Amino acid sequence: MADMGSKGVTAGKIASNVQKKLTRAQEKVLQKLGKADETKDEQFEQCVQNFNKQLTEGTRLQKDLRTYLASVKAMHEASKKLNECLQEVYEPDWPGRDEANKIAENNDLLWMDYHQKLVDQALLTMDTYLGQFPDIKSRIAKRGRKLVDYDSARHHYESLQTAKKKDEAKIAKAEEELIKAQKVFEEMNVDLQEELPSLWNSRVGFYVNTFQSIAGLEENFHKEMSKLNQNLNDVLVSLEKQQGISTFAVKAQPSDNAPAKGNKSPSPPPDGSPAATPEIRVNHEPEPASGAAPGATIPKSPSQSSLPAVVVETFSATVNGAVEGGSGAGRPDLPPGFMFKVQAQHDYTATDTDELQLKAGDVVLVIPFQNPEEQDEGWLMGVKESDWNQHKELEKCRGVFPENFTERVQ
C-alpha cells in the first residue's frame, strides 16, 4: 500500500508540473499576442543584463588566466630542458659544475613555486568567484517562471470577477491561488533584488585583487630569476677565465659578395662594447660542391652542416617530437575529430538531454561540433573517456558541457 501511495504522489506531481508548463505556455502566448498584460520591472531587467555581462567577462578572464598558466608551464618545461642540456655538456672537471647544477635546481623550484602560487592566489579565487553564478542564474530563471504563474493567476482572477455569471466559490479559490503565487514570486524577487546589485559591485574589488596578485607574483618571480641568471653568468665567466680561452665567435658563411679567401677578417670588438656579442648568421643556401656545374647546388645533410652537432640533434629531436606529438586524430582508440582532453574540476549537473553529467575528476575527450554555428560561447562538445572506452558509440555518448568547469590536461 505504501508503494501505491508513493506512486500516486509521484504521478500527481508529474501531472501538476505538466499542467504548470501548459499554463505558462498559454500565458506567454497571450502576452506576446498582446491579449494579456505582462508585469514589468525595468530595474530588475537592468540587474539581469549586468549579471549576464559580469558572467561573460568572468568566464573570459578565467579562460585567459588558464591560457596564461599553460604558457607558464610550457616555459617552465623549456627552461628545464635548457638547463638539463647545460648540465650534460658541462664536463665534470670544469670548475663551477656544482654551482651550475645548484642554479638549475633553484631555477626549476622557482618556476614550480610561481605556477603553484598563480593557481592558489588567482585561479582558485577565479573559480570560487564564478562558482556563485550558476545558482543565481538558476534562481533568475525560476523567478521568471514564478512571474508568469503570478500573471496567469491574476488574469484568471480578474476574468472571474468580470464574468457576467459570477461563481463566488471559484472566485474565492482563484483569489487564494493569486495570493499564493504573488507571495512565492515576491519572496524570490526581493532576494534577487538585493543580491544582484551586490554581486555586480563586487566585481571591482575582485578584478583589483586578482590582477594585483598576478602582477606581484610575476614581479617577484622575475626578480628571483634575475638573481639566478646573474649567478649563472658569474659561473660561466669564471669558467672562461680559468680555461684561458676567449669568447667563442661563430663566423658567418660567406655570401655572394664576400671578399676573397685571402683577405683578413676584422678583429673582434673589445669585451663590454655593444658589438662584443658576435652576430650568428646561418646561410640556408648551401655552397656548390667543388667540381659541380655552375649554378648547381648540393644540399647538405645535418652531418655536413656548419652548425654544431648539438644544435642539429636538438633541431631534429624537436621536429620529430612535433610530428609524433600530434592530437591523435584518426586513431582507432579515440573518437573521430578528437582535439584534446580536459578534466572536470567541479561536479556539473546536466540541465538538458544534450549535456554531459560530470563529476570532479572525469576526463572528457573534446571533439568539434558537427555544426560550428551551434556552439555557444563557453561550451565544448565531448564524450567522457570512460563512456567512449566502454561503448565506442559517439552518437549515444557525446554531449556539451561548460568549459569553465574543466581544465585542459592534454
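**View A. Glutamate 57 is partly exposed, its relative accessible area being 29%.** That class lies between buried, under 20%, and exposed, over 50% (1.4 Å probe, protein chains only). The model is predicted: local features need pLDDT of at least 70, side-chain atom pairs count only at pLDDT 80 or more, and totals for chains, interfaces and linings use all residues. Residues are numbered from 1 along each chain as its sequence is written, and side-chain values use heavy atoms, with hydrogens and water left out. Glutamate 57 sits in helix H2. Helices (H or I, at least four residues) and strands (E, at least two) are DSSP runs, numbered from the N terminus. Arginine 203 is 146 residues away from glutamate 57 along the chain, yet their C-alpha atoms are separated by 9.8 Å.

**View B. The whole chain holds eight helices and five strands.** Start at the N terminus and read the order of elements: α-α-α-α-α-α-β-β-β-α-α-β-β. The chain has 410 residues, and 28% of them count as buried. Its accessible surface is about 28300 Å² (Shrake-Rupley method, 1.4 Å probe; for residues, only the protein chains shown count as cover). Carbon and sulfur atoms hold 54% of that surface. Contact means heavy atoms within 4.5 Å. Among contacts with a separation of 6 or more, 69% join residues 24 or more positions apart.

**View C. Helix H3 runs from residue 97 to residue 131 and has a kink.** How far apart are the end C-alpha atoms of H3? They are 49 Å apart, which agrees with the 51 Å that its 35 residues should span at 1.5 Å a residue. The expected span is 1.5 Å times one less than the number of residues. The kink is about 35° and is centred on valine 119. The bend at a residue is the angle between axes fitted to the seven residues ending there and the seven starting there.

**View D. Lysine 117 belongs to helix H3.** Its relative accessibility is 33%, so lysine 117 counts as partly exposed. Not counting residues up to four places away in sequence, lysine 117 touches Ala122 and Leu217. Isoleucine 214 is 97 residues from lysine 117 along the chain, and the two C-alpha atoms are separated by 9.1 Å.

**View E. Asparagine 209 lies in helix H5, residues 168–243.** Buried or partly exposed? Asparagine 209 counts as partly exposed, because its relative accessibility is 48%. Threonine 125 is 84 residues from asparagine 209 along the chain, with 9.5 Å between the C-alpha atoms.

**View F. Proline 332 lies in the loop between helix H6 (309–324) and S1.** At 77% relative accessibility, proline 332 counts as exposed. Which residues does proline 332 contact, neighbours within four places in sequence aside? They are Trp388 and Lys392.

**View G. Lysine 392 has a positive phi of about 60°, although it is not a glycine.** This residue lies in the loop between helix H7 (385–391) and helix H8 (394–397). Lysine 392 is partly exposed, with a relative accessible area of 40%.

**View H. The largest pocket has a volume of about 1400 Å³.** A pocket, on a 1 Å grid over the protein atoms alone, is an open set of points where a 1.4 Å probe fits, with protein on both sides within 12 Å along at least five of seven lines; lining residues have an atom within 4 Å of a point. Grid points are joined across faces, edges and corners, and the volume is the space filled by probe spheres set on the points. The lining of the largest pocket has 42 residues, and Gly378, Pro402, Glu403, Asn404 and Phe405 lie nearest its centre. Elements giving two or more residues to this lining are helix H2 (42–89), H3, helix H4 (133–162), strand S1 (340–344) and strand S5 (406–408). Helix H2 gives the largest share, eleven residues.
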